[in-house]
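Hello,

Here is the structure you are taking over. Please have it open while you read the notes below it.

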Amino acid sequence: RAARERAAAHEPAVTRDGREIEVGANIGSADEARLAAEAGADGIGLMRSEFLFLERSAAPSEADQRGEYQAAVDALGGKPVIIRTLDIGADKQLPYLRLPQAPNPALGLRGSRLWESHPELLDAQLRALLGVTAPERLRIMVPMIGDAGELARVRERLERLAEGLGLTRLPALGAMIEVPSAALCARRLAAEADFLSIGTNDLTQYTLAMDREDPGLAARADVLHPAVLTLIHTTVEGAAGRCPVGVCGAAAGDDLAAPLLAALGVDELSVEPARVPAIKAALRRLDVAALAGTIPELLVLDDAAAVRERLAGWFAAQS
Ligand code: PEP
Ligand code: MG
């Protein structure tokens, strides 16, 4: 079965009832982009650019960054590549930034909030991204966005930098939904963004107020909690007809969560390259409309354990 799945991985994933869902890959470097292409990914749903900035004594030059981004785009041979701007702070630190000690780093200056304290760092990254040839295949994604105003300010910067470089064709600009405020404001955010991508790792952490790094909470920090599912539902409903929605958190590659995310109406799942064949195969076995019929009941269950049990029961009844 694994060999058959690998061969079929280069074909689009269409559910039993005819809905096509893109399955992209999460990567941390251009080398991994090549792995993703070999695995059959329909694109890159998340390139975590911060890996370029880690384990060095200073930020990479604009030219070095541009080379890495270009190589990732080239490796996908025409398929779309979403590159996320620097997501530093909390669990990911850069000693050379000398950020002030935050009382609670997860709730501090991190992700897109760094534009306030380090505008030159993020502007340099945007210029490097604008230097990629084939802007129609590149999508720029901003982490830790809290509302439409924050994304609008990033778009202004992007347009101003593009003007300075004499560019007229800009890559698409999207926001991660990983803070409850962003999910609750999804309708407005979707009007401002070219696409949205739900980061379920942080969305779970911030919705449940459970540190994603705390091993004592790992079993309870569950994306299948009805509150997290409700925010995903709110995001998809808010974006409907305005812009596409993907998921790039670990839930996208999870056997139980991935079909449910498809049923909640997301257009794209982005997973570890090695998971692409299995997730495409799982989507092909799924009657997405039938599973969608259970969502109203799932959203009003008591807790994540109850959702897991109900979902497992649904799948058992299907086979
Ligand atoms: C997420 O939060 O779900 C996500 C994809 O981003 P990261 O895991 O890099 O924080
Ligand atoms: Mg995140």
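This is a predicted model: local features need pLDDT of at least 70, side-chain atom pairs count only at pLDDT 80 or more; totals for chains, interfaces and linings use all residues.

On confidence, the chain has an average pLDDT of 95, and 100% of the residues score at least 70. The ipTM of the model is 0.99 and the pTM is 0.97.

Start with helix H2 (residues 30-39) and helix H3 (residues 62-75). Their axes come within 8 Å and cross at roughly 5 degrees. Angles under 35 degrees count as roughly parallel, and H2 and H3 are therefore roughly parallel to each other. On the H2 side the contact is made by Ala-30, Ala-33, Arg-34 and Ala-37; on the H3 side it is made by Glu-68, Ala-71, Ala-72 and Ala-75. Six of the residues in the contact of H2 with H3 are nonpolar, none is polar and two are charged.

H3 also packs against helix H5 (residues 119-130), at an angle of about 45 degrees and with the axes 8 Å apart. H3 and H5 are therefore oblique to each other, and H3 passes H5 in a right-handed crossing. From H3, the residues Glu-62, Gln-65, Arg-66 and Tyr-69 meet Ala-124, Gln-125, Arg-127, Ala-128 and Leu-129 of H5. The contact of H3 with H5 has four nonpolar, two polar and three charged residues.

How far apart are the axes of H5 and helix H6 (residues 148-164), and at what angle do these helices pack? The axes of H5 and H6 are 10 Å apart, and the angle is about 60 degrees. That makes H5 oblique to H6. The crossing of H5 and H6 is right-handed. H5 contributes Asp-123, Leu-126, Arg-127 and Leu-130 to the contact, while H6 contributes Arg-157, Leu-158, Leu-161 and Ala-162. By class, the contact of H5 with H6 has five nonpolar residues, no polar ones and three charged ones. Arg-127 of H5 is listed in the contact with H3 and also in the contact with H6.

Regards

Note on methods. Residues are numbered from 1 along each chain as its sequence is written. Chains are lettered from A and ligands numbered from 1 in the order in which they are written. Axes are lines fitted to C-alpha atoms, for helices over the stretch in contact, and angles run from 0 to 180 degrees between N-to-C directions. Helices (H or I, at least four residues) and strands (E, at least two) are DSSP runs, numbered from the N terminus. Angles under 35 degrees count as roughly parallel, over 145 as roughly antiparallel, 65 to 115 as roughly perpendicular and the rest as oblique. Two residues are in contact if their C-beta atoms, placed from the backbone, lie within 7 Å. Ala, Val, Leu, Ile, Met, Phe, Trp, Tyr, Cys and Pro count as nonpolar, Asp, Glu, Lys and Arg as charged, and the others, Gly among them, as polar. A crossing is left-handed if the near helix is turned anticlockwise from the far one by less than a right angle, and right-handed if clockwise. pLDDT is the predictor's confidence in each residue, from 0 to 100.
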